[in-house]
Amino acid sequence: MPGGHPTPTEYALIQAEVERNLLGGAVKYTRGQATAAAGVPLERAQRLWVAMGFAVDANPDTPMFTDADVDALRTITSLVDMGIIDAELEVPVTRALGQSFARLAEWQLGLLNSHILDRVKQAGGSDQVDVLAVAAQATLVAEQMLPALEKLQSYVWRRHLASNAARFLDSAGDGSDSRTLVIGFADMVGYTSLTRRIDIDELTRLLEDFESTAMTVINQGRGWVIKNLGDEVMFAVEDPADAARIALALQDAALATVDLPALRVGLAMGPVLLRFGDVYGSVVNIAARLTSSARPGAVLVDATLATALEGDDDLQLRSLRSLRVRGFSRLKAYALRRSRDT
């Protein structure tokens, strides 16, 4: 281990120890053995495996599955077998779970990797480091982190279910995935040019400030974040007045946050399709076009939302020229401000 850094072979040993701990047992089943043990046809199991985001090993005789994999396969398929979800939703639901947890795992492994590297550096007083000892330390870190992260994930998940239940159950009476919502985008002005002038640590702080600020404002304003897109956040709100106040509060928060660039915000109201936590429809495209057309520090809204906000004495709407943007030859836009703003 020259210079106190593990070689690729030594890192592979450390990785194997951590993987064994994370998988909850020894790898012992081939593809065919795992599906047979779960009582699931091989073709169905492979579709679900790929949907979760995992590659199918080219060699079917290679052991790569554990008892936990077999139990998970039984659990996934039981959702359909018990009639909890329709058969045609089995793969989309699995894919949505896989995509969500892939991102979660990525940053969690970043935490784990930081701990492992710290242990390696601490042990690197000489050019020779006991790799087995480092592997044991890495396993210990995984054993310490995993239960805490699992418990925290379960808590946050249940809390989100509880806080969102009323909103979704109230609109579920017609059995439709379509709802009328206000969709909003907020993006940082000059982000691309800014990234050329700052280093990785500064970029990390910038994104953290932006995401933290946006999420706090949106959640406190009775909206919810659909997704973060680096320099942009997409959100949804049920009440038009709440949406307007969130947009204005985002601009206020950006001005009050040191080193956070000015924002552009666009809002549009109308029917959207909700699918696995994301939203689709022309309203989404309109909100995105309004955002890209807004001046720094401004909020633009579409005609439908402007009509819904009429009569609110705290808000001021100014009609603008129709916009010519991609997909819309004449997009009507209104500038939104507080009535007391000058």
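**Entry 1: an aromatic cluster**

I began with tryptophan 49, which is buried at a relative accessible area of 17% (buried means under 20% relative accessible area, exposed over 50%, partly exposed in between, with a 1.4 Å probe and protein chains only). A note to myself: this is a predicted model, where local features need pLDDT of at least 70, side-chain atom pairs count only at pLDDT 80 or more, and totals for chains, interfaces and linings use all residues. Residues are numbered from 1 along each chain as its sequence is written, and side-chain values use heavy atoms, leaving out hydrogens and water.

Which aromatic ring pairs edge-to-face with tryptophan 49? I found phenylalanine 65, at 4.9 Å centre to centre and 70 degrees between the planes (rings of Phe, Tyr and Trp, the last by its six-membered ring, pair if their centres lie within 6.5 Å; planes under 30 degrees apart are stacked, over 60 edge-to-face, the rest tilted). This pair links distant parts of the chain, with tryptophan 49 in helix α3 and phenylalanine 65 in the loop between α3 and α4, 16 residues apart. Both residues are buried.

I then looked at phenylalanine 54, which is partly exposed at 41%. Trp49, Phe54 and Phe65 form one aromatic cluster.

**Entry 2: helix α8**

At 1.5 Å a residue its 21 residues should span 30 Å, and the end C-alpha atoms are 30 Å apart, which agrees (the expected span is 1.5 Å times one less than the number of residues).

Which residues of α8 are buried? They are Leu206, Phe210, Thr213, Ala214, Val217 and Ile218.

After the helix comes arginine 222, with a positive phi near 70 degrees.

**Entry 3: helix α2**

In α2 (residues 31-38) I found Arg31, Ala34, Thr35 and Ala38 buried. These cover an arc of only 95 degrees, which puts them on the same side of α2. Their cover includes α3 (42-51) and α4 (67-81). Just after α2, glycine 39 takes a positive phi of about 70 degrees.

How values were computed
Helix = DSSP H or I, 4+ residues; strand = E, 2+ residues; numbered from the N terminus. Arc of directions from axis to C-beta. Contact = heavy atoms within 4.5 Å.
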